[in-house]
Amino acid sequence: MFSKIVFATGNKGKLKEAAEIFENTKVLSIKELDSTFDPDETGETFLQNVIIKAESAMDISVENAVLADDSGLVVPALNGQPGLYSARFSGKNATDEKNREKLLEMMRDIDDRSAYFCCRAVIMFPDETIISAEGRVYGKIGFKERGHNGFGYDPIFIPDGFDKTMAELSSEEKNRISHRGNAFRKLKEMVKCLQNSPK
């Protein structure tokens with residue numbers, strides 16, 4: 001595994017999650033190298049957006065492998081919203097709290113509350129080789145916020161098989177089932193295979 005990898009995010013929750021999965025690897029935020037990092041996510045899919053992030057981060061990182069992800073909450077009853085726009089769902093000055101409030105309001109009179117988190121993650125190497133993985137976790141939207149051990153939509157998302165929201169789960173439980181955790185573990189195994197393959 002790498003001794004260090006640059007994660008194209010400034011989100012402390014994501015950094016913590018990545019550090020717990022890529023153990024024995026220093027996970028460095030791109031913001032520590034460039035505090036202005038904020039590429040325009042103009043892609044039309046999660047994969048397109050994550051490659052934009054990875055390429056922009058590689059321009060800064062240069063010598064280190066880059067980890068990047070793009071993820072969102074998909075609600076079929078809302079035609080897939082918030083989807084690609086999950087982080088800025090409530091508008092230009094979106095916050096996690098405002099995003100959750102907007103979604104709960106939109107879901108107020110909807111019976112089908114099924115939803116899933118989707119994460120597309122990539123690792124880009126300095127030679128611009130890319131490996132990619134996708135993770136999903138299915139569940140439903142709750143009726144009110146519960147829990148404090150999470151971020152984003154975690155306090156209103158109840159994963160299948162649980163009566164708790166993602167924000168009520170321990171870090172270990174969340175990493176075991178989360179969309180991002182699933183994608184990162186797949187990437188980790190792919191890197192191991194690459195490193196162990198004959199040259």
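This is a predicted model: local features need pLDDT of at least 70, side-chain atom pairs count only at pLDDT 80 or more; totals for chains, interfaces and linings use all residues.
Q: Where does T165 lie, and why is T165 called buried?
A: T165 lies in the loop between β6 (157-159) and α4 (171-177). Its relative accessibility is 1%, and because buried means under 20%, T165 counts as buried. Leaving aside neighbours within four places in sequence, T165 is in contact with R146, G147, D154, P155, F157, I158 and P159.

Q: Why is the aromatic pair of F22 and F184 called tilted?
A: The structure holds four aromatic pairs, and in the one formed by F22 and F184 the ring centres are 5.8 Å apart, with 50° between the planes. Centres within 6.5 Å make a pair, and planes under 30 degrees apart would count as stacked and over 60 as edge-to-face, so the rest, counted as tilted, is the class that applies.

Q: What parts does the pair of F22 and F184 tie together?
A: F22 lies in the loop between α1 (12-21) and β2 (26-29), whereas F184 belongs to helix α5 (residues 179-196), so the pair joins parts that are 162 residues apart in sequence. At 0% relative accessibility F22 counts as buried, and F184, at 0%, counts as buried. Ring pairs also link F7, F22 and F184 into a cluster.

Q: Why is the pair of Y116 and Y138 called tilted?
A: The ring centres of Y116 and Y138 are 5.1 Å apart and their planes stand at 40°, so the pair is tilted. Y116 lies in strand β4 (residues 114-124) and Y138 in strand β5 (residues 130-141), so the pair ties together parts that are 22 residues apart in sequence.

Q: How do you know whether Y116 and Y138 are buried or partly exposed?
A: Y116 has 16% relative accessibility and counts as buried, because the limit for that term is under 20%. Y138, at 43%, counts as partly exposed, since exposed would require over 50%.

Key:
Residues are numbered from 1 along each chain as its sequence is written. Side-chain values use heavy atoms; hydrogens and water are left out. Rings of Phe, Tyr and Trp (its six-membered ring) pair if their centres lie within 6.5 Å; planes under 30 degrees apart count as stacked, over 60 as edge-to-face and the rest as tilted. Helices (H or I, at least four residues) and strands (E, at least two) are DSSP runs, numbered from the N terminus. Buried means under 20% relative accessible area, exposed over 50%, partly exposed in between (1.4 Å probe, protein chains only). Contact means heavy atoms within 4.5 Å.
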